[in-house]
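Hi,

Here is the structure I promised to pass on to you. Have a look at it first, and then read my notes below.

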Amino acid sequence: MSIWEFIVALLLGLVEGLTEFAPVSSTGHMIIVDDILLKSAELLKSQEVANTFKVVIQLGSVLAAAIVFWQRILSLFGIRTSSSPVPEKGHSRLRLTHVIAGLIPAVILGFTLEDFIDTYLFSVETVLVGLVGGAILMAVADWKARSGSSAKEKTSLDDISIKQAFLIGLIQCIALWPGFSRSGSTISGGVLLGLKYRAAADFTFIMAIPIMFGASAVSLYKKMDVLTVDVIPFFIVGFISAFVFAWLSIRFFLALISKIKLMPFAIYRVVLAAVILVIYINVK
């Protein structure tokens with residue numbers, strides 16, 4: 001692997017890791033960094049190989065999230081450690097049924113609309129719509145939370161009801177439109193339903209682990225034939241890079257979200273959409 005290939009794999013892993021769990025749209029960033037600037041498809045001499053690479057580095061991000069939330073994940077199955085989160089007195093505990101309830105809508109719609117989304121929704125134009133639409137959703141959620149017009153705020157993951165989990169899952173379906181951002185949609189949905197920002201973010205990331213892993217695993221299984229020996233080093237560098245930067249991003253975001261809320265991310269998304277539009281027009 002050449003120095004340039006190493007740099008490209010590292011940078012794409014960095015972009016995936018930093019943006020996958022932040023409410024800023026990893027797809028939008030990949031359009032700028034890869035589709036417009038780095039062009040990994042030309043480097044790897046195949047669009048299919050480049051797409052498979054993006055699936056692999058997404059698994060790196062999933063692994064990072066699983067490590068950050070490993071105690072919570074174990075507790076979902078009734079396995080508790082000495083340092084596992086303990087619900088406050090009078091509170092219940094987040095259970096596997098909550099996560100399943102949140103996943104059902106996206107899993108059903110995702111499998112039903114997979115071919116339609118891949119055929120018609122993956123374009124610069126649709127991502128721009130998703131970026132701006134997601135920004136509006138986040139701004140509305142932020143406004144309702146700040147104005148006190150949302151439902152009574154919850155304090156932690158252990159206060160989420162099955163109904164809230166299911167409704168958050170329904171709102172998550174918006175993210176099937178490229179550019180909306182899974183985390184942006186679900187965190188906004190959680191806040192609109194009365195959760196505090198940190199609780200909404202925690203639940204979002206925990207739900208993302210199985211749905212991202214399942215989608216990536218299925219996609220990777222379908223494309224195993226492109227994993228030839230000559231591209232393995234490129235994939236490994238990208239995977240490790242995505243894992244490291246996703247771990248850092250999740251830690252930083254969870255510490256930040258309760259302080260700055262969603263509005264700064266909404267503004268950033270609009271700016272990102274404008275940048276993509278300008279670059280796209282000039283390149284086109």
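This is a predicted model: local features need pLDDT of at least 70, side-chain atom pairs count only at pLDDT 80 or more; totals for chains, interfaces and linings use all residues.

A quick definition before anything else: two residues are in contact, or touch, when they have heavy atoms within 4.5 Å. Residues are numbered from 1 along each chain as its sequence is written, and side-chain values use heavy atoms, leaving out hydrogens and water.

Let's start with the overall build. The chain has 12 helices and zero strands (DSSP runs numbered from the N terminus: H or I with at least four residues for helices, E with at least two for strands). Its radius of gyration is 19 Å, close to the 19 Å that the globule rule gives for 284 residues, so the chain is as compact as a globular protein of that length. That radius is taken over C-alpha atoms, and the rule is 2.2 Å times the number of residues to the power 0.38. Those C-alpha atoms fill a box of roughly 60 × 40 × 35 Å along the principal axes.

Now for the inside. Of the 284 residues, 48% are buried, where buried means under 20% relative accessible area, exposed over 50%, and partly exposed in between (1.4 Å probe, protein chains only). If you count contacts between residues at least 6 apart in sequence, 81% join residues at least 24 apart.

Which residues have the most contacts inside the largest nonpolar core? They are Phe203 and Ile250, in a core of 44 residues. (Such a core is a set of buried Ala, Val, Leu, Ile, Met, Phe, Trp, Tyr and Cys residues joined through side-chain atoms within 4.5 Å.) Several elements give two or more residues to this core, including helix 4 (47-68), helix 7 (124-147) and helix 11 (232-260). Helix 10 gives the most, with 12 residues. A second, separate core has 23 residues, among them Leu44, Val49, Val56 and Phe235.

Phe203 is buried, with a relative accessible area of 1%. Leaving aside residues up to four places away in sequence, Phe203 touches Leu94, His98, Val99, Leu157, Ile160, Ala165 and Ile168. Take His98: along the chain, His98 and Phe203 are 105 residues apart, yet their C-alpha atoms are separated by 9.4 Å.

Cheers
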